[in-house]
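Take a moment to look over the sequence and the structure before reading on.

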Amino acid sequence: MSELMGSLKMISNGSVLMYILKGVGFTIGIAFFAVVLGIIIGTVLALARNYCTKGWLNIFRYIATAYIEVFRNTPLMLWIFIGLVFFPSIEFSAEFTKFFELSRTEMAVLFKAIVALVLFTSSVIAEIVRGGLNSIPKGQFEAAYSQGFNFFQTLILIVLPQTFKNIVPTLLSQVITTIKDTSYIANIAIAELMGKTFQLIQIAPRYTGFTTQNVSDVFVLCGLACVIYFAINFTLSCVVRHMQKPKKRTAPAAAN
Amino acid sequence: MFDAEKWGLVWTHRQTFIDGTISTLLMALFGLALAMAIGIVVGLMATSHTKPLRAIARVYVEIIQNTPVMLQALFLFYAVTFAGVKGFSALICGIIALGIYHGAYISEVIRTGIQSVPKGQSEAAYSQGFGQIATMAYIVLPQTIKIILPPMVNQVVNLIKNTSCMFLAGGAVDLISRTNAFAVGEGTGSAAGQGYIIGGVIFFVICFPLSMLASRWEKKLKARDVATVTVRKKPDDVTDAELDMIISGKGGES
């Protein structure tokens with residue numbers, strides 16, 4: 001019982017709580033960043049895979065297809081490790097790294113992991129966008145052409161707005177997945193929630209007053225991380241479900 | 001890249017990659033068996049007429065789907081190890097963690113599959129004197145299998161990709177972790193690029209045919225859906241978007 005008290009004492013410690021809270025900030029920030037960049041890259045990939053079908057433009061289609069299939073069929077971990085070894089080290093300015101309270105080497109490692117996450121996420125989002133593009137009826141294109149729109153005008157003014165409107169729920173569930181995927185960054189850097197939880201388990205004896213880690217430390221720390229992840233993701237999935245509820249479904253049915 | 005010496009280094013350490021592939025496949029195979037068992041039980045619970053069973057299934061699915069698999073694996077491994085259990089290997093822990101995690105996703109696939117069969121079908125079966133179990137076995141499940149196959153295969157791909165979840169807690173057991181151990185290892189570090197290529201290619205060779213199979217089935221299914229859309233009306237408790245997501249396998253990534 002005293003072990004449990006020790007573990008609880010640890011997480012009621014202000015600096016430990018602050019440490020975890022900063023991890024939550026990193027988790028949300030990284031996921032948001034990855035999804036936003038992923039939407040941009042993913043849209044380009046999806047358009048290339050879907051519409052580059054003439055002559056030499058086919059090259060772009062092959063590249064986009066290869067990119068999507070390669071990233072979709074290999075684990076994120078692989079890309080994080082590859083990134084760690086092969087991505088260029090960016091020298092961040094001291095003020096920038098100080099803002100995130102990381103050392104410059106930590107920041108460089110974290111940056112590589114984030115790049116890997118962005119590359120991975122963009123391949124998944126590309127397939128989501130492609131699904132959205134394919135769900136737009138051909139008549140939309142034909143109608144736009146008949147009104148004198150050219151291909152790019154049709155795409156930007158007619159097709160893409162409808163596509164994005166349709167895929168918002170799927171994109172939001174991708175945010176949930178990405179938040180969970182950020183935990184893989186813990187393998188190489190200690191910045192986000194998972195990494196900090198892992199780190200705290202290692203150094204738990206410093207705060208609990210015991211000489212070794214106890215089972216209760218694991219339960220309390222992992223439990224807290226679980227609760228935080230759950231709170232964020234469950235809120236998001238409730239939003240997704242709310243959006244997917246059939247709207248005005250009953251009205252046309254009654255009219256029939 | 002085409003340095004024969006470096007590729008030679010990979011070849012001399014081929015046992016690393018073979019062992020990694022074997023343990024990744026072992027984890028995936030047993031993890032999948034466990035996930036299927038959990039998924040079928042929980043999926044049936046979620047569609048049963050008993051409220052407490054449905055509630056339990058819901059809570060299980062929500063908790064597991066909304067937390068990362070790495071955290072679950074770490075939790076399981078440390079909780080058991082610090083409790084003083086000897087011989088709890090990372091491989092076994094990985095199998096259990098993957099089974100629990102993907103069991104939740106598979107149960108959702110099965111639930112949506114069952115609910116996509118119109119209620120009239122089971123009502124008709126009941127009126128013909130079929131029992132609840134017989135209705136499930138003869139009427140409902142045979143119809144769901146085609147619908148749930150593509151998302152199920154996608155789950156298998158995700159499961160294989162998630163075998164690397166034990167790295168943090170248990171050390172290098174799976175292919176990716178061992179590839180990384182090779183790539184950062186002393187003496188082999190110079191061939192890191194070649195190592196990653198081999199590891200990645202093995203993964204791709206395992207996962208790509210499965211993904212292709214899933215998307216081919218999915219396309220077939222959609223073509224059939226269009227053909228029958230006028231005949232069959234979907235029940236109200238499954239939304240179009242939900243069914244779409246489940247069919248396309250987007251109803252849950254990794």
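What covers the buried residues of α4(B)? In this predicted model, the cover includes α9 (193-202) and α11 (215-244) of chain A together with α5 (90-115) and α8 (167-170) of chain B. The residues being covered are B:Val69, B:Met70, B:Leu71, B:Gln72, B:Ala73, B:Leu74, B:Phe75, B:Leu76, B:Phe77 and B:Tyr78. Because ten of the 14 residues of α4(B) are buried, the helix is largely enclosed by the rest of the structure. Its length can be checked as well: the 14 residues of helix α4 of chain B, residues 69-82, should span 20 Å at 1.5 Å a residue, and the end C-alpha atoms are 20 Å apart, which agrees. Just after this helix, B:Gly84 takes a positive phi of about 95 degrees.

Leaving out residues up to four places away in sequence, B:Ala73 touches B:Cys93, B:Gly94, B:Ala97, B:Cys165, B:Met166 and B:Ala169.

The view can now move to the place where the chains meet. Here 37 residues of chain B are in contact with 42 residues of chain A. On the side of chain B that touches chain A, at least two residues each are supplied by α3 (51-65), α4, α8, α9 (175-184), α10 (192-228) and α11 (240-248) of chain B, and the largest share, nine residues, comes from α10(B). Sorted by kind, the residues on this side of chain B divide into 22 nonpolar, ten polar and five charged. For the complex, the predictor gives an ipTM of 0.87 and a pTM of 0.86.

Chain A, taken by itself, has twelve helices and zero strands. Its radius of gyration is 23 Å, well over the 18 Å that the globule rule gives for 256 residues, so chain A is more spread out than a compact globule. Along the principal axes, the C-alpha atoms of chain A fill a box of roughly 75 × 55 × 35 Å. Of the 256 residues in chain A, 41% are buried, and among its contacts with a separation of 6 or more, 74% are accounted for by residues 24 or more positions apart.

A single residue gives an example of such distance along the chain. A:Leu224 is found in helix α11 of chain A, and, setting aside neighbours within four places in sequence, it is in contact with A:Ile11 and A:Ile20. A:Leu224 and A:Ile20 are 204 residues apart in sequence, while their C-alpha atoms are 9.4 Å apart in space.

B:Val109, placed in helix α5 of chain B, counts as buried because it has 25 C-beta neighbours inside 10 Å. The C-alpha atoms of B:Val109 and B:Ile40 are separated by 9.5 Å, although the two residues are 69 residues apart along the chain.

For chain B the mean pLDDT is 84, and 87% of its residues reach 70 or more. Within chain B, confidence is highest in α3(B), at a mean of 94, and lowest in α11(B), at 59. Over residues 229-233 of chain B the pLDDT is below 50, and this stretch has two contacts in the model beyond near neighbours in sequence. Where pLDDT is low, the predicted coordinates should not be read in detail.

Methods: Residues are numbered from 1 along each chain as its sequence is written. Chains are lettered from A and ligands numbered from 1 in the order in which they are written. This is a predicted model: local features need pLDDT of at least 70, side-chain atom pairs count only at pLDDT 80 or more; totals for chains, interfaces and linings use all residues. Helices (H or I, at least four residues) and strands (E, at least two) are DSSP runs, numbered from the N terminus. The expected span of a helix is 1.5 Å times one less than its number of residues. A residue is buried if 20 or more other C-beta atoms lie within 10 Å of its own, exposed if 12 or fewer, and partly exposed in between; C-beta atoms are placed from the backbone. Two residues are in contact if their C-beta atoms, placed from the backbone, lie within 7 Å. The radius of gyration is taken over C-alpha atoms; the globule rule is 2.2 Å times the number of residues to the power 0.38. Ala, Val, Leu, Ile, Met, Phe, Trp, Tyr, Cys and Pro count as nonpolar, Asp, Glu, Lys and Arg as charged, and the others, Gly among them, as polar. pLDDT is the predictor's confidence in each residue, from 0 to 100.
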